[in-house]
Amino acid sequence: MSGILGSRGISGVLDELGLPQGIAKALRRAPPVLADVGALAWDRPFVLVGAGQSNAAGADPNGDKTVEAGIRIVSGTSGSGLSVVPAAFGAAPLNNGASGSASADPAQCYNNSAVHFANHLRRSGRIAADRPILILPNWFPGESLGNWVGSGTASKNWAGLLQVLAAAQAWWSAQGYPGVVTIDHVMWTQGEADSTSAATGYHTRDLYAAGFATLRAQFAALPGWTAGTTMTVQELWGWGRQPAGIPSNARNDFFRTLAAGTDRGVALVSSQGLLPSLSNGPTHAHGSSLVEIGRRNFAGWARMSLGAGHAPPIPTAGDGSPDVRSHEMALTTSDTTYLGLDDLRGGLRISAAGAPTVYLPLGAVAAGTPPILLHVWSASAGPTLVFPDNGALTINTGDGAVPNLSLGVGLYRLWVSRGAWYCETVSLGSSSAAAAYSPGAGTALTPGAITTAQVQARLVYACSAGAYTLPNPNGMGAVEIGLFASGGDITVAPGTSGGLWLPDGTLAFSGGATMTIPAGKLAVFAPIANSRWGIIGGTAVTPAAAAGMAAETSGSFAPTLTVETTQGDLAVTYATQIGRWYRHGNRMFVEVFLTCTPTFTAAQLAGGWLITGVPVVAMSGIVPKSPLYHSSSLSYPTGKVGPFVLQQNGNWRIRMQGSASGGTDLPIANIASGSALSLEFRVDYEVAA
């Protein structure tokens with residue numbers, strides 16, 4: 001073959017034939033992966049529209065700023081002169097910093113969820129490794145829905161999208177891709193500007209619903225919209241339970257109706273469990289949360305894309321398999337919560353104060369929906385499960401069909417069959433009463449290997465102290481087992497390579513590792529995938545506690561300014577000493593505000609400047625760093641720029657950027673003795689479980 005084609009190979013011959021570049025590429029490529037089915041779909045870019053207000057643009061500089069290879073973005077949101085450029089923090093349009101100022105320093109630039117959607121897509125393997133990803137920015141902080149739909153397609157933000165599309169089309173055609181820019185997915189993050197108290201035309205649920213329908217119709221009318229195009233809608237901040245006076249929850253009254261699952265092209269993405277910005281107000285997401293929002297939107301796309309010309313979602317630990325909405329819901333009396341189809345995987349734990357209402361998704365009984373089995377652990381009496389449409393459909397129980405189901409404390413199994421919901425309580429020992437925690441006669445276990453037959457009996461067992469191993473769950477079907485530590489602490493190992501998983505899709509214990517159930521406590525397990533056991537409930541052993549993780553904890557401390565080696569005559573008076581930390585799972589967020597006046601003789605001090613206050617150290621191999629914001633009484637040595645802190649030996653060490661790897665210590669003399677000094681930083685990092 002080389003003698004006929006010479007050194008040019010097939011690629012060179014195709015190029016010389018003058019074929020359009022896109023067709024030439026398609027002819028010389030390896031066979032497409034499953035994710036790329038469709039006419040030349042694997043040879044055109046994946047196009048993502050990021051639209052909405054400030055949380056779509058990003059309004060916090062923290063978090064991972066990685067941008068995977070092959071991700072491009074249009075250089076602005078409106079106007080002339082737009083072009084397609086490689087996506088990079090520190091370059092337009094990803095160069096916005098505090099107060100709207102532009103910055104070339106990625107560390108100072110606001111993070112962006114659309115970029116992290118693209119990162120997860122690239123890492124997932126659901127598209128070819130060399131397939132470009134193109135982001136179309138359509139974010140305008142503080143804007144009402146009316147600026148997209150108020151005057152139809154002439155509204156200014158919609159006009160901006162058309163200008164961005166025009167720039168993308170020019171690049172698209174220049175690259176040799178045939179036809180028009182084809183839109184694969186839209187991320188919509190908007191609604192704070194249309195709060196109930198706002199003077200807009202969309203300040204009620206019904207007005208906003210009508211406007212959103214118009215917006216969707218405008219998108220559907222675009223030449224690049226296809227039957228496979230999907231849309232994720234970001235639930236507004238705080239899962240709709242913000243304090244009074246914060247408007248971001250106002251339009252969740254509409255957004256949460258999308259979770260019913262009747263519209264197969266739209267998925268609701270939860271904001272539950274995410275950290276607010278520590279510098280830009282509680283209605284904005286922390287930078288690390290923007291990273292997570294990108295992943296959750298990607299997970300929503302991955303589930304909807306089944307049957308729409310993309311690969312089916314294959315659950316794995318790191319590419320978006322955790323559910324779009326958390327499976328741990330803490331509800332209050334007044335809460336009305338809509339479950340979506342994405343909630344109905346693994347288990348759902350509801351802990352409630354009073355009697356909240358939880359709507360089951362109508363889409364679960366629609367034709368073509370895969371079989372559904374849902375375990376609900378109600379940690380308190382009072383929650384009510386109902387259908388949409390005011391209970392027009394019913395839940396079938398052993399006592400007949402009811403329009404809604406008031407839950408007691410206990411474990412329930414729900415499933416769908418022939419277009420209807422069914423529910424039963426899970427037998428706990430010899431009793432079918434859901435609140436009966438104590439196992440009945442004949443259900444005692446001694447330490448050792450648990451058998452498949454014991455699991456399939458679907459009982460709660462009284463376990464004497466010792467070590468237990470669950471069997472391989474493959475082929476068991478819809479079963480569960482409860483282990484009650486009746487005679488002291490017990491340990492449980494998954495016994496399979498797939499390990500033991502939390503309901504949110506994260507690995508708690510690998511095969512052979514153990515979890516502890518304290519004496520007098522119950523944990524309930526069920527198969528969730530091949531070789532995988534899931535923790536689906538318990539009287540006190542919640543999934544988070546079982547994994548050694550705090551679901552959400554926080555605290556405070558008093559940071560101080562000191563030096564590492566010799567303190568000499570250093571004396572510090574403090575006007576402000578604020579240290580706060582937040583922990584969500586294995587993620588730690590620390591912020592420090594320090595105003596003080598240090599007095600000292602520089603010759604008497606030795607070692608680097610330190611700020612104390614590390615509530616939990618980072619996991620091995622990670623060195624957390626953060627820019628240090630400061631007053632003018634801290635000066636820069638010649639040739640050095642940008643002070644920062646890094647975590648070292650249980651303190652925050654002040655360093656200066658320069659030529660040395662990791663920077664150099666701030667010299668003692670570069671903090672002015674006797675002058676007021678302000679220091680401020682925020683950092684997030686991973687800690688050991």
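**Strand pairing, helix packing and cavities**

Strand 22 and strand 23 (residues 481–493) run parallel and are joined by nine bridges. The structure is a predicted model, and the pairings described here are computed from that model. Within the pair, Thr 469 stands opposite Ala 493 in strand 23.

Strand 22, which spans residues 460–469, also takes part in a pairing with strand 20 (residues 444–445), where two bridges join the parallel strands. In this pairing, Leu 445 lies opposite Cys 463 of strand 22. A further parallel pairing links strand 22 to strand 21 (residues 448–449), again through two bridges. Here Gly 448 has Tyr 468 as its bridge partner in strand 22.

Another part of the model contains an open sheet of seven strands, arranged in the order 3-2-4-1-6-7-8 and with mixed pairing. Strand 3 (84–86) and strand 8 (266–269) form the edges of this sheet, each pairing on one side only. On average, neighbouring strands in the sheet are turned by 25° against each other when direction is ignored. Helix 5 (residues 113–124) packs on the sheet and touches strand 1 (46–52), strand 2 (71–74), strand 4 (133–139) and strand 6. The direction of helix 5 makes about 160° with that of strand 4.

Strand 6 (residues 185–189) and strand 7 (residues 230–234) are neighbours in the strand order, and four bridges connect them in the parallel sense. Val 186 is placed opposite Met 231 of strand 7. As a general point, side chains in a regular strand alternate between the two faces of the sheet. Helix 8 (residues 205–220) lies across strand 6, strand 7 and strand 8, and runs at about 150° to strand 7.

Empty space within the model was also examined. In general, rolling a probe the size of a water molecule over the atoms shows where such space is left. A search of the whole structure finds two cavities of 30 Å³ or more. The second largest cavity has a volume of about 50 Å³. The residues lining this second largest cavity are Ala 57, Gly 58, Pro 93, Leu 94, Asn 96, Tyr 110 and Trp 139. By class, this lining comprises five nonpolar and two polar residues, with no charged residues.

Notes: Residues are numbered from 1 along each chain as its sequence is written. This is a predicted model: local features need pLDDT of at least 70, side-chain atom pairs count only at pLDDT 80 or more; totals for chains, interfaces and linings use all residues. Side-chain values use heavy atoms; hydrogens and water are left out. On a 1 Å grid over the protein atoms alone, a cavity is a set of points where a 1.4 Å probe fits but cannot get out, and a pocket is an open set with protein on both sides within 12 Å along at least five of seven lines; lining residues have an atom within 4 Å of a point. Grid points are joined across faces, edges and corners, and a volume is the space filled by probe spheres set on the points. Ala, Val, Leu, Ile, Met, Phe, Trp, Tyr, Cys and Pro count as nonpolar, Asp, Glu, Lys and Arg as charged, and the others, Gly among them, as polar. Two strands pair if DSSP finds at least two bridges between them. Axes are lines fitted to C-alpha atoms, for helices over the stretch in contact, and angles run from 0 to 180 degrees between N-to-C directions. Contact means heavy atoms within 4.5 Å.
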